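Please walk through this structure with attention to how its side chains pack against one another.

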Amino acid sequence: MEDELLKSTGGAAATAAAAAAAANAAAPPRLAPGGSELSHGSEGLPMFIAIPSLSSPEMDTPQAASTNSGTPASRSPQNKQQRRPRQERGQQRQQQQQQQSHVPQQPAQQQQVPGQQHGDWNAGNYGAMYSSPGMPYGMYGNPAAAMGPWMAANMYQNPYGMPAMYPGMAMMPPGPGMYPGMGMPGQAAMSPQGSGGGTQKNSGPKVGGGGGQVGSRERRRRGKKKKGARERVPSPAAVSDDDSNPNRSLALQEVRRQGARCKMPLSEVLPHLIEFAQDHHGSRFLQTKLDEADAEEKQTVFGIIVPEAAFLSTDSFGGFVVQKLFDIGTPEQRRQLALGLKKNVLRLSNEGVGCRVIQKAIQHASRESQQMIASELGKNVVGCIESMHGNHVIQKCIEQMPPESVDFIIKAVEEQTERMASHMYGCRVIQRLLEHCASAQLKNILEHILKGIPKLAQDPYGNYVVQHMLEHGRREDKKRIVGIIQDHVVDFAMHKCSSNVVEKCFEIATVGEHAFALEEERQKLMQTVLGEPPDQNPPLYQMMDNRFGNYIVQRMIEHSRGPESHLLRERLLAVEPQLRGSVNGKHILTALNKAATC
């Protein structure tokens, strides 16, 4: 077994040692560079080499001298004046790496000492054994000092030149920070592609697969891409906004360069007015100049803009110019501008930029122009109400137009009141109607809402309509709503949406417009929550520890009066330990103590 192991693992080493001993015995005595003879051991192997010094072209430089003497080369007095900027050194290093990656390095030619046989190891040529990567020699220390020249020489090649018995050891891929392409004597330089890094499609300096200094620096600068992130593609607007756009007029280029400091008169801008209106800087410049313009210049601007008003109203920058004209124009100029938008009112009302232009037109236009806009909106009122942009136009109509002018909106809502009240945008329109229109005008809408109170009170959007009706509705409507809430107060109080309606009932019955007329309804509602004195488990106890109902209890503490206030306090103090044990209960106790100190 030992013989087999020796043959399998150490056979190669034993054969090499025997061959080296035979060659050493047959070779003539060799001298070290200093003149001392190599001493041999009992087996003919050299045991000690007296080497006075190692010399190489690199070691004769001041930089190498300073390095070997223990002083860093970068700190030597000779090199202090030769320092280069970090950016320049980095660029030179990248160029060297790029050259090494494209041009294979040739093996260093060892100098032949007279009288020396081919293959003999020469200590003087040790410095030329490695091709210089452009960094000071000795930067990583002298390997011969650590392992001996014989070991250092025999590690990489055959010192006796034996014919291809053991080829040179293969170069390992460079690790992080090593110089790519640094080969060994007799071995071609390695390419970055062979280092495990793969080929790079992009141009520029290529580094090894270990990720040289440049590659790691680039990775740190770019950062790690987040999961699911996508490459951003520049938008057309960003490309067209480039200052080097050749299609841009000289006047606009001048404004973009000088910005707010530009003193260009408005008369020079008029030939390029549409171009200015569609540019970020040009639009701002125009709005500033229009404030300072005289009547003649404004009329000229209106004459140019009105034919293009519908087109500019869809532009993110042009829309601001059209709105500015509604602000500064005369009644006749505004009428002409609104007339230019007539055929596109419905389309613009449902667009992000256009809806703002139509709202500005409704705000500043005459009654005649408002009626014209209303007639266009009447073609599809429900579509505008359900639009995220169009609902703002409908609300602006209700706010700015006389109540009799919004009948077209009321009729559209009457046909489907409950659905509109439960809609994200429809509930806003109904709230505006309750605020600005008379109850007689909204009679049908109010009846539809009252029929759907139980459902609307628990709807995420409908509950706001019920609250608005409690605040702006008729007295009889408020009584009816409070009565409906009283019949199922616990269920409504412990629901996320309808709990807001219950709070509103206590508020309007105590401090609202019709509070005096609602006194009876308030007492009944309060008594329903507190229960009769003999009742040991009133609805109050079910509500106080609920995450929504506890707000109702706090509101009751705020709005309770007289005997009902004392009964409420007794009920809560009876379960004080239980209240102290919960977060909601602590809020109730805080409100109770606050009311006692007032």
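**Packing around a core residue**

In this predicted model, L572 touches L540, M544, V553, I557, L579, I588 and L592, leaving aside residues up to four places away in sequence. L572 belongs to the largest nonpolar core, which has 110 residues, and is listed with L377, I394, I409 and L433 as the residues that touch the most other members of that core. Helix α30, spanning residues 498-511, supplies the largest share of this core, namely six residues, and the core draws at least three residues from each of domain 1 (250-400) and domain 2 (470-597). In soluble globular proteins, nonpolar side chains tend to be buried together.

Aromatic side chains can be considered next. A search of the whole structure finds one aromatic pair, which is formed by F276 and F285 in a tilted arrangement, with 6.0 Å from centre to centre and 50° between the planes. F276 has a relative accessible area of 0% and is therefore buried, and F285, with a relative accessible area of 7%, is likewise counted as buried because the cut-off for that term is under 20%.

E521 lies in helix α31, which covers residues 519-530, and, when residues up to four places away in sequence are not counted, E521 touches K479 and V482. Although E521 is buried, it has no salt bridge, and the nearest side chain of opposite charge, that of K479, is 4.4 Å away.

How values were computed
Residues are numbered from 1 along each chain as its sequence is written. This is a predicted model: local features need pLDDT of at least 70, side-chain atom pairs count only at pLDDT 80 or more; totals for chains, interfaces and linings use all residues. Side-chain values use heavy atoms; hydrogens and water are left out. Helices (H or I, at least four residues) and strands (E, at least two) are DSSP runs, numbered from the N terminus. Buried means under 20% relative accessible area, exposed over 50%, partly exposed in between (1.4 Å probe, protein chains only). Lys and Arg count as positive and Asp and Glu as negative; His and the chain ends are not counted. A salt bridge is a side-chain nitrogen of Lys or Arg within 4 Å of a carboxyl oxygen of Asp or Glu. Contact means heavy atoms within 4.5 Å. A nonpolar core is a set of buried Ala, Val, Leu, Ile, Met, Phe, Trp, Tyr and Cys residues joined through side-chain atoms within 4.5 Å. Domain bounds come from an automatic or database domain assignment. Rings of Phe, Tyr and Trp (its six-membered ring) pair if their centres lie within 6.5 Å; planes under 30 degrees apart count as stacked, over 60 as edge-to-face and the rest as tilted.
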